[in-house]
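Keep the model open beside the text as you read.

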Amino acid sequence: MIRPCWSLGLVFLLGLAALGRSSAARLGAAVSGASDGGEVLEGWGDEDGWRAAKRLRRGINFGNAWEAPPGTWGDRRYRAEDFRAARAAGFDHVRLPVAWHHYQGGAPEYLISPSVFGEMDALVGLARAQGLAVILDWHHFDRLTETLAPDAVAQWHAGWAQIARHYRDVPARALVFELLNEPRDAATTERMGELYPAAIRALRAEDPRRTILVSPGGGGGLYEVPKLRLPRELANVVVTGHCYAPFLFTHQGASWTGRITLTTGLRFPGPPPSPLIAAPGAPAWVAGWIRDYDTLPAETNPGGPASFAKEIADAAAWSRREGRPVHVGEFGAIVRADAVSRENYAAAMRAELERHGLGWAWWDWKASFAVARETPDGVRMDEALRRALLPDAPALPPAGPTRARFRHPVR
Ligand code: BGC
């Protein structure tokens, strides 16, 4: 099944960025910013945005469902049990990715079908019943991000106006909107900075109180956040970015990222106990990256925390300077990676994000990057990953006697 295609340019940049960031000096600089706790960040700026961001500390993406073109790979179904288990595990919000454009009629109204609203209403209701806040996002709108064609922009505005009207009576603290997932290609950070104010105005004409999340271009990369320029007067806005570094580890064996991620067996953190060889057919830069991964010491290894420390520190510093909260709406490691490495990665990323006061949402709950699975006793989060991501949440009741250690089949 064809999955959404990651911008290969972005992936290449990520590889280079990981290489470039692996110097001990840079990691040291990030570590010395350790006093950047959440409280420190809230000094000034968009007060409504800060208030909203406080409710979006630890979240989970319910992916591989509504963001897929109908009838394709979106085969996960979310029910009351998922929301209950996510809340019991200790999450405070869920992100629901939706490809609204598949459910819109033609110009000029671009009417969203009542049936998709019905489905989303049910999910928002299930989240509210558990006290989980919801980030409702617009995912994979490729024609918009690839072209920024005026009719696609009009369709986007019309869509958000309808969504805002539809959810006007849902309390602001229970539901927030994310305007566009992973803008890329024509939708550069600079262009998105120019487009967001009008999009927000169109939405706020229907619901002035709603918190809005906006993402930079470059595939929504967290490293692009410091380039985003938003008018100072734009209030009740949270900036969101994604961070999948070290990409070759987090996406190893992924079917939708091409030759770049053919090599599997990468552990976190590097270096591995015995050298890894790049898979035949991997691009030359991947082979070079793996050489560094095999040989560089832990502090500078591109397959360890050095790959994301600076990106996170820079986004947090921008947040402080601009007076705008930042949320990391996606990070995660594919189920193909070994269980211990996934735990190590989850714990290291969470610690780094929270040290800088950034809220986050892991991608995903029970698909290719799963932290939970269906069991005979219902949906359950893997306990080791739960300890890594939600270390101070109360323990779950013990698993049943027949439950084996978590393993998830790879799609
Ligand atoms: C995409 C998913 C993908 C994930 C990790 C998300 O933004 O929507 O389809 O699995 O990133 O690559």
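## Two helix pairs

In this predicted model, helix 12 and helix 13 (residues 339-355) pack with their axes 10 Å apart, at an angle of about 20°. Angles under 35 degrees count as roughly parallel, so helix 12 is roughly parallel to helix 13. The crossing in which helix 12 passes helix 13 is right-handed.

Which residues in helix 12 and helix 13 meet? From helix 12 come Phe308, Ala309 and Ile312, and from helix 13 Tyr345, Ala348, Met349, Glu352 and Leu353. Sorted by class, the contact of helix 12 with helix 13 has seven nonpolar residues, no polar ones and one charged residue.

Ala309 lies in helix 12 (residues 306-322). Is Ala309 buried or exposed? Ala309 counts as buried because its relative accessibility is 3%. Ala309 and Ala348 are 39 residues apart in sequence, and their C-alpha atoms are 9.7 Å apart in space.

Now turn to helix 8 (residues 150-166) and helix 9 (residues 189-204), whose axes come within 8 Å and cross at roughly 40°. Helix 8 and helix 9 are therefore oblique to each other. Helix 8 passes helix 9 in a crossing that is right-handed. On the helix 8 side, Trp156, His157, Trp160, Ala161 and Ala164 make the contact, and on the helix 9 side Met192, Tyr196, Ala198, Ala199, Ala202 and Leu203 do. By class, this contact of helix 8 with helix 9 has 10 nonpolar residues, one polar residue and no charged ones.

The two pairs can be set out together:

| Helix pair | Axis angle | Axis distance |
|---|---|---|
| Helix 12 and helix 13 | about 20° | 10 Å |
| Helix 8 and helix 9 | roughly 40° | within 8 Å |

Helix 8 has 17 residues and reaches 24 Å from its first C-alpha to its last, close to the 24 Å expected at 1.5 Å a residue. Its buried residues include Ala152, Val153, Gln155, Trp156, Gly159, Trp160 and Ile163. What do the buried residues of helix 8 pack against? Their partners are helix 6 (114-129), strand 3 (133-138), helix 7 (142-147), strand 4 (175-178) and helix 9.

Finally, the wider setting. The protein has 14 helices and 10 strands, and buried residues make up 60% of its 411 residues. Among contacts between residues at least 6 apart in sequence, 75% join residues at least 24 apart.

Note on methods: Residues are numbered from 1 along each chain as its sequence is written. This is a predicted model: local features need pLDDT of at least 70, side-chain atom pairs count only at pLDDT 80 or more; totals for chains, interfaces and linings use all residues. Side-chain values use heavy atoms; hydrogens and water are left out. Axes are lines fitted to C-alpha atoms, for helices over the stretch in contact, and angles run from 0 to 180 degrees between N-to-C directions. Helices (H or I, at least four residues) and strands (E, at least two) are DSSP runs, numbered from the N terminus. Angles under 35 degrees count as roughly parallel, over 145 as roughly antiparallel, 65 to 115 as roughly perpendicular and the rest as oblique. A crossing is left-handed if the near helix is turned anticlockwise from the far one by less than a right angle, and right-handed if clockwise. Contact means heavy atoms within 4.5 Å. Ala, Val, Leu, Ile, Met, Phe, Trp, Tyr, Cys and Pro count as nonpolar, Asp, Glu, Lys and Arg as charged, and the others, Gly among them, as polar. The expected span of a helix is 1.5 Å times one less than its number of residues. Buried means under 20% relative accessible area, exposed over 50%, partly exposed in between (1.4 Å probe, protein chains only).
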